[in-house]
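Okay, thanks everyone for coming. Let me put the sequence and the model up on the screen, and then I'll walk you through it.

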Amino acid sequence: MKIHPLNCFSFHLGVPGITRCLLIDTGEGLILVEAGVGLQDFLQPNLRFRIFFAANRGNRNPEQAAIRQVIRLGYKPEQVQHIVLTHMHLDHAGGMGDFPWARVHIYRPEHKVATGQHKTRVLDYGYEPRHWAHGPDWALHEAQDEPWCGWPCARVVELAGTQVLLVPLEGHTPGHCGVAISTPEGWLLHAGDAYVRDMQIDPLEPRSAFPRFARGFEHLIFPEQGRHRLQQLLKSCSGQVQVTCAHDPHSTAVQQLA
Ligand SMILES: [Zn+2]
(Lines give C-alpha, C1' and ligand atoms only; values in the text may rest on other atoms or scores of the structure.)
Protein backbone atom coordinates (compact mmCIF):
# COMPACT_ATOMS: atom_id res chain seq x y z
CA MET A 1 0.00 0.00 0.00
CA LYS A 2 1.02 3.60 -0.50
CA ILE A 3 -0.23 6.82 1.09
CA HIS A 4 -0.13 10.02 -0.97
CA PRO A 5 -0.47 13.16 1.19
CA LEU A 6 -2.50 15.81 -0.69
CA ASN A 7 -2.91 19.49 0.09
CA CYS A 8 -6.49 20.27 -0.88
CA PHE A 9 -6.52 23.96 0.11
CA SER A 10 -3.78 26.45 0.96
CA PHE A 11 -4.56 29.47 3.11
CA HIS A 12 -2.77 32.05 5.20
CA LEU A 13 -4.02 33.05 8.65
CA GLY A 14 -0.94 34.93 9.83
CA VAL A 15 0.96 31.71 9.16
CA PRO A 16 0.56 29.37 6.20
CA GLY A 17 -1.90 26.50 6.51
CA ILE A 18 -3.07 23.62 4.37
CA THR A 19 -5.95 21.17 4.36
CA ARG A 20 -4.40 17.73 4.37
CA CYS A 21 -6.07 14.77 2.72
CA LEU A 22 -4.51 11.31 2.48
CA LEU A 23 -5.04 9.21 -0.63
CA ILE A 24 -4.49 5.56 0.23
CA ASP A 25 -3.67 3.20 -2.63
CA THR A 26 -4.46 -0.18 -1.11
CA GLY A 27 -3.58 -2.08 -4.30
CA GLU A 28 -7.26 -2.97 -4.68
CA GLY A 29 -8.81 0.50 -4.75
CA LEU A 30 -8.32 3.98 -3.37
CA ILE A 31 -9.51 5.37 -0.05
CA LEU A 32 -9.59 9.14 0.39
CA VAL A 33 -9.23 10.35 3.97
CA GLU A 34 -10.71 13.87 4.12
CA ALA A 35 -12.05 15.40 0.93
CA GLY A 36 -10.79 19.00 1.24
CA VAL A 37 -12.26 21.87 -0.75
CA GLY A 38 -14.18 20.61 -3.79
CA LEU A 39 -13.76 21.51 -7.44
CA GLN A 40 -17.04 23.46 -7.61
CA ASP A 41 -16.10 25.33 -4.43
CA PHE A 42 -13.01 26.61 -6.21
CA LEU A 43 -14.65 27.21 -9.61
CA GLN A 44 -18.08 28.51 -8.53
CA PRO A 45 -17.86 29.54 -4.89
CA ASN A 46 -21.18 30.45 -3.30
CA LEU A 47 -21.48 33.28 -0.79
CA ARG A 48 -20.34 31.09 2.13
CA PHE A 49 -17.20 30.08 0.24
CA ARG A 50 -16.47 33.61 -0.98
CA ILE A 51 -16.54 34.74 2.66
CA PHE A 52 -14.48 31.70 3.69
CA PHE A 53 -11.81 32.31 1.04
CA ALA A 54 -11.58 36.00 1.96
CA ALA A 55 -11.43 35.30 5.72
CA ASN A 56 -8.68 32.70 5.32
CA ARG A 57 -6.81 34.50 2.56
CA GLY A 58 -7.34 31.23 0.73
CA ASN A 59 -5.70 30.26 -2.52
CA ARG A 60 -8.53 29.66 -4.99
CA ASN A 61 -6.67 27.12 -7.06
CA PRO A 62 -8.85 24.35 -8.57
CA GLU A 63 -5.72 22.25 -9.11
CA GLN A 64 -5.81 21.63 -5.33
CA ALA A 65 -9.15 19.82 -5.56
CA ALA A 66 -8.61 16.16 -4.66
CA ILE A 67 -10.07 14.95 -7.95
CA ARG A 68 -7.49 16.93 -9.98
CA GLN A 69 -4.69 15.54 -7.82
CA VAL A 70 -5.98 11.97 -8.13
CA ILE A 71 -5.85 12.35 -11.93
CA ARG A 72 -2.36 13.92 -11.86
CA LEU A 73 -1.14 10.93 -9.85
CA GLY A 74 -2.24 8.70 -12.73
CA TYR A 75 -5.40 7.24 -11.21
CA LYS A 76 -8.95 7.26 -12.51
CA PRO A 77 -11.38 9.12 -10.21
CA GLU A 78 -13.63 6.02 -10.25
CA GLN A 79 -10.91 4.16 -8.37
CA VAL A 80 -11.79 6.21 -5.26
CA GLN A 81 -14.24 3.78 -3.67
CA HIS A 82 -14.33 5.11 -0.11
CA ILE A 83 -14.11 8.53 1.51
CA VAL A 84 -13.57 8.74 5.28
CA LEU A 85 -14.09 12.13 6.96
CA THR A 86 -12.92 13.40 10.35
CA HIS A 87 -15.85 15.81 10.30
CA MET A 88 -18.02 17.58 7.74
CA HIS A 89 -16.89 21.21 7.89
CA LEU A 90 -16.71 22.91 4.53
CA ASP A 91 -12.91 22.70 4.20
CA HIS A 92 -12.93 18.93 4.89
CA ALA A 93 -15.98 17.58 3.08
CA GLY A 94 -16.16 19.67 -0.13
CA GLY A 95 -14.46 17.17 -2.42
CA MET A 96 -16.93 14.35 -1.77
CA GLY A 97 -19.26 15.68 -4.48
CA ASP A 98 -16.47 15.09 -7.02
CA PHE A 99 -16.66 11.34 -6.28
CA PRO A 100 -20.45 10.82 -6.12
CA TRP A 101 -20.15 7.02 -6.45
CA ALA A 102 -17.91 6.68 -3.38
CA ARG A 103 -19.16 5.33 -0.06
CA VAL A 104 -18.75 8.15 2.49
CA HIS A 105 -17.90 7.01 6.01
CA ILE A 106 -18.72 9.32 8.89
CA TYR A 107 -19.40 9.09 12.61
CA ARG A 108 -23.17 9.16 13.08
CA PRO A 109 -23.21 12.04 15.65
CA GLU A 110 -21.23 14.22 13.20
CA HIS A 111 -23.62 13.48 10.36
CA LYS A 112 -26.53 14.36 12.64
CA VAL A 113 -25.15 17.79 13.59
CA ALA A 114 -24.00 18.63 10.07
CA THR A 115 -27.22 17.71 8.30
CA GLY A 116 -29.63 18.68 11.10
CA GLN A 117 -31.49 21.93 11.64
CA HIS A 118 -30.49 22.30 15.28
CA LYS A 119 -27.44 24.59 15.35
CA THR A 120 -26.27 25.84 18.73
CA ARG A 121 -22.55 26.67 18.36
CA VAL A 122 -20.70 29.04 16.06
CA LEU A 123 -18.92 26.10 14.43
CA ASP A 124 -22.26 24.44 13.65
CA TYR A 125 -22.44 26.98 10.82
CA GLY A 126 -19.20 25.68 9.30
CA TYR A 127 -21.08 23.12 7.21
CA GLU A 128 -22.05 23.57 3.56
CA PRO A 129 -25.18 21.55 2.60
CA ARG A 130 -24.22 21.81 -1.09
CA HIS A 131 -21.54 19.21 -0.33
CA TRP A 132 -24.09 16.45 0.15
CA ALA A 133 -26.76 17.68 -2.27
CA HIS A 134 -25.84 14.79 -4.61
CA GLY A 135 -27.09 12.27 -2.03
CA PRO A 136 -23.90 10.46 -1.02
CA ASP A 137 -23.82 6.75 -0.31
CA TRP A 138 -23.47 7.36 3.43
CA ALA A 139 -22.09 4.79 5.82
CA LEU A 140 -22.96 6.09 9.29
CA HIS A 141 -20.85 4.54 12.03
CA GLU A 142 -20.90 4.21 15.78
CA ALA A 143 -17.91 3.49 18.00
CA GLN A 144 -19.01 0.03 19.02
CA ASP A 145 -16.46 -2.27 17.42
CA GLU A 146 -13.57 -4.05 19.12
CA PRO A 147 -11.47 -1.28 20.76
CA TRP A 148 -8.31 0.04 19.16
CA CYS A 149 -5.36 0.60 21.56
CA GLY A 150 -8.01 0.24 24.27
CA TRP A 151 -10.07 3.08 22.75
CA PRO A 152 -13.58 3.01 21.32
CA CYS A 153 -13.60 2.96 17.54
CA ALA A 154 -15.58 2.08 14.44
CA ARG A 155 -13.81 -0.20 11.97
CA VAL A 156 -15.06 1.36 8.75
CA VAL A 157 -13.13 -0.10 5.80
CA GLU A 158 -10.75 -2.96 5.16
CA LEU A 159 -9.30 -3.19 1.64
CA ALA A 160 -6.42 -5.47 0.65
CA GLY A 161 -5.33 -5.75 4.27
CA THR A 162 -5.38 -1.98 4.92
CA GLN A 163 -7.68 -1.12 7.81
CA VAL A 164 -9.26 2.28 8.34
CA LEU A 165 -10.94 3.20 11.65
CA LEU A 166 -12.88 6.16 13.01
CA VAL A 167 -11.75 7.08 16.53
CA PRO A 168 -13.93 9.66 18.32
CA LEU A 169 -11.98 12.82 19.26
CA GLU A 170 -14.84 15.14 20.09
CA GLY A 171 -14.19 18.82 20.74
CA HIS A 172 -13.82 20.74 17.49
CA THR A 173 -17.27 19.40 16.58
CA PRO A 174 -19.52 17.13 18.68
CA GLY A 175 -18.91 14.20 16.31
CA HIS A 176 -15.31 14.88 15.33
CA CYS A 177 -13.14 11.76 14.88
CA GLY A 178 -9.58 10.84 14.06
CA VAL A 179 -9.03 8.42 11.18
CA ALA A 180 -6.56 5.62 11.94
CA ILE A 181 -4.89 3.83 9.03
CA SER A 182 -2.89 0.62 9.30
CA THR A 183 0.41 0.80 7.41
CA PRO A 184 3.30 -1.67 7.16
CA GLU A 185 5.20 0.61 9.59
CA GLY A 186 2.39 0.83 12.16
CA TRP A 187 -0.65 3.07 12.57
CA LEU A 188 -1.01 6.57 11.16
CA LEU A 189 -3.74 8.70 12.77
CA HIS A 190 -5.15 11.68 10.86
CA ALA A 191 -6.47 13.71 13.79
CA GLY A 192 -8.34 16.25 11.64
CA ASP A 193 -8.87 19.44 13.63
CA ALA A 194 -8.18 17.96 17.09
CA TYR A 195 -5.04 20.11 16.87
CA VAL A 196 -3.44 22.38 14.28
CA ARG A 197 0.31 22.33 15.02
CA ASP A 198 2.50 19.46 16.24
CA MET A 199 3.74 21.64 19.15
CA GLN A 200 0.28 21.45 20.76
CA ILE A 201 0.63 17.71 21.35
CA ASP A 202 4.33 17.61 22.19
CA PRO A 203 4.53 14.77 24.76
CA LEU A 204 7.04 16.65 26.96
CA GLU A 205 6.10 20.29 26.55
CA PRO A 206 2.75 20.89 24.82
CA ARG A 207 2.27 24.57 23.99
CA SER A 208 -0.26 26.76 22.28
CA ALA A 209 0.07 27.39 18.56
CA PHE A 210 -1.58 30.77 18.91
CA PRO A 211 -0.26 34.15 20.09
CA ARG A 212 -1.60 35.26 23.46
CA PHE A 213 -4.20 37.65 21.98
CA ALA A 214 -5.69 34.80 19.91
CA ARG A 215 -6.07 32.24 22.74
CA GLY A 216 -9.82 32.95 23.01
CA PHE A 217 -10.15 32.02 19.35
CA GLU A 218 -8.13 28.86 19.97
CA HIS A 219 -10.41 27.78 22.85
CA LEU A 220 -13.50 28.42 20.75
CA ILE A 221 -12.40 26.74 17.51
CA PHE A 222 -9.99 24.07 18.74
CA PRO A 223 -11.06 23.28 22.33
CA GLU A 224 -8.64 21.47 24.62
CA GLN A 225 -11.06 18.56 25.01
CA GLY A 226 -9.98 17.05 21.68
CA ARG A 227 -6.27 17.45 22.37
CA HIS A 228 -6.55 15.96 25.87
CA ARG A 229 -8.30 12.95 24.48
CA LEU A 230 -5.70 12.63 21.75
CA GLN A 231 -2.81 12.89 24.23
CA GLN A 232 -4.37 10.19 26.42
CA LEU A 233 -4.85 8.00 23.39
CA LEU A 234 -1.24 8.46 22.24
CA LYS A 235 -0.07 7.61 25.76
CA SER A 236 -2.08 4.39 25.86
CA CYS A 237 -0.78 3.43 22.40
CA SER A 238 2.78 3.97 23.70
CA GLY A 239 4.60 4.95 20.54
CA GLN A 240 2.78 2.64 18.13
CA VAL A 241 0.93 5.49 16.44
CA GLN A 242 2.19 8.36 14.27
CA VAL A 243 -0.16 11.31 14.25
CA THR A 244 -0.86 14.11 11.81
CA CYS A 245 -3.60 16.73 11.49
CA ALA A 246 -5.41 18.65 8.78
CA HIS A 247 -3.85 22.08 8.81
CA ASP A 248 -0.17 21.89 9.85
CA PRO A 249 1.94 22.15 6.68
CA HIS A 250 5.02 20.77 8.48
CA SER A 251 3.67 17.57 10.00
CA THR A 252 6.54 15.28 11.02
CA ALA A 253 4.48 12.10 10.55
CA VAL A 254 3.70 12.99 6.94
CA GLN A 255 7.29 13.95 6.13
CA GLN A 256 8.19 10.41 7.17
CA LEU A 257 5.80 9.03 4.53
CA ALA A 258 7.74 10.62 1.68
ZN1 LIG B 1 -10.50 22.44 9.35
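One definition before anything else: when I say two residues touch or are in contact, I mean that their C-beta atoms, placed from the backbone, lie within 7 Å. Also, this is a predicted model, so local features need pLDDT of at least 70, side-chain atom pairs count only at pLDDT 80 or more, and totals for chains, interfaces and linings use all residues. Residue numbers run from 1 along each chain as its sequence is written.

So, overall picture. The protein chain has eight helices and eleven strands; those are DSSP runs, helices being H or I with at least four residues and strands E with at least two, numbered from the N terminus. The radius of gyration is 17 Å, close to the 18 Å that the globule rule gives for 258 residues, so the chain is as compact as a globular protein of that length. That radius is taken over C-alpha atoms, and the rule is 2.2 Å times the number of residues to the power 0.38. Along the principal axes, the C-alpha trace spans about 45 × 45 × 35 Å. Looking at contacts with a separation of 6 or more, 62% are between residues 24 or more positions apart.

How much of the chain is buried? Of the 258 residues, 45%. Buried here means 20 or more other C-beta atoms within 10 Å of the residue's own, exposed means 12 or fewer, and partly exposed is in between, with the C-beta atoms placed from the backbone.

Now the sheets. Strands count as paired if DSSP finds at least two bridges between them. β1 and β2 run antiparallel, joined by ten bridges, and Ile-3 sits opposite Ile-24 in β2.

What packs on this sheet? Glu-110, His-111, Val-113 and Ala-114 are buried in α5. Seen down the helix axis, these buried residues fall within an arc of 165°, so they line one face of α5; the arc is that of the directions from the helix axis to the C-beta atoms. It's β5 and β6 that the buried residues of α5 pack against.

Over to the other sheet. This is an open one of five strands, β7-β8-β9-β10-β11, again with mixed pairing. Here β7 (154–159) and β11 are the edges, each with a single partner strand, so one side of each is left without a neighbour in the sheet.

Let's follow β9, residues 177–183. β9 is mostly covered, with five of its seven residues buried. On one side, β8 (162–168) runs antiparallel to β9, with five bridges. Val-164 stands opposite Ile-181, and Val-167 has Gly-178 as its bridge partner. β9 also pairs with β10 (186–190), antiparallel over five bridges, and a hairpin of two residues joins them. Across that pairing, Ile-181 faces Leu-188, and Val-179 stands opposite His-190. Then β10 runs parallel to β11 (241–244), with four bridges, and His-190 stands opposite Thr-244 there.

Which residues touch the most other members of the largest nonpolar core? Leu-32, Ile-83, Val-84 and Leu-166, out of 65. A core is a set of buried Ala, Val, Leu, Ile, Met, Phe, Trp, Tyr and Cys residues joined through C-beta atoms within 7 Å. Strand β2 (15–25) gives the most to this core, five residues. Leaving out residues up to four places away in sequence, Leu-166 touches Val-84, His-105, Tyr-107, His-141, Cys-153, Ala-154, Val-156, Cys-177 and Val-179.

Last stop, Gln-256, in the segment after α8 (252–255).
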